[in-house]
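Open your viewer and get ready to select residues. This tour moves from one stop to the next.

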Amino acid sequence: MTTDDFAADSDRLLLIVEDDDAFARTLSRSFERRGYQVLRATSVEQVQKLLADRGPEEVPEYAVVDLKLAGGGSGLACVQTLHEHDAEMVIVVLTGYASIATAVEAIKLGARHYLAKPANTDDIEAAFSRAQGDAEVEVTERATTSIKTLEWEHIHETLAATDFNISETARRLGMHRRTLARKLEKQRVK
């Protein structure tokens, strides 16, 4: 399906799961201008309620899910919930905390694509239409890995393993919770 195919269909229902209200509003308006009907949620609980309150014909076809939600909520749990409810739903994960571990888990749980923020509406809509992988993507050598990069990847693997529970991640890493929070804030992609 191309972007033109998307423009021709005005009955597309999109769910945006994002706890940053300003970003969610901007994204909603942008997709509404493209002919989507947009629903919004900020947590897994809201997503579950929304799905329970809607009939089978009213289930969103598309979802954009933030990886890290307020209150320690996990976008991965949200992806799992959405995929279990409707395996045909096209789910794209957006994150400011991109890591290999979370990307792999998101795809395993049913996401079609994983995009690092900042991503715009064009990027997201293109990800909706990419159902197949691309064997032509250039395979490059990984540059010499720094200690900081290895630490960052280890932190994210542990975060994913603890379902983004900061306190439990800090305990498993043997560091203070505030130290971990500072490291996450320093590395956050805005």
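Select arginine 177 to begin; its place is in helix 9. Helices are DSSP runs of H or I with at least four residues, strands are E runs of at least two, and both are numbered from the N terminus. Arginine 177 counts as partly exposed because its relative accessibility is 41%; under 20% is buried, over 50% exposed, and partly exposed lies in between (1.4 Å probe, protein chains only).

A word on the source: this is a predicted model, where local features need pLDDT of at least 70 and side-chain atom pairs count only at pLDDT 80 or more, while totals for chains, interfaces and linings use all residues. Residues are numbered from 1 along each chain as its sequence is written, and side-chain values use heavy atoms, leaving out hydrogens and water.

Now select tyrosine 36 and tyrosine 62. Their rings form an edge-to-face aromatic pair, 5.8 Å centre to centre, with 80 degrees between the planes. Rings of Phe, Tyr and Trp (its six-membered ring) pair if their centres lie within 6.5 Å; planes under 30 degrees apart are stacked, over 60 edge-to-face, the rest tilted. Tyrosine 36 sits in strand 2 (residues 36-41) and tyrosine 62 in strand 3 (residues 62-66), so the pair ties together parts 26 residues apart in sequence. Both tyrosines are buried.

Phenylalanine 128 lies in helix 6 (residues 121-129). Both tyrosine 36 and phenylalanine 128 are buried.

Last, show Phe31 too: ring pairs link Phe31, Tyr36, Tyr62 and Phe128 into a cluster.
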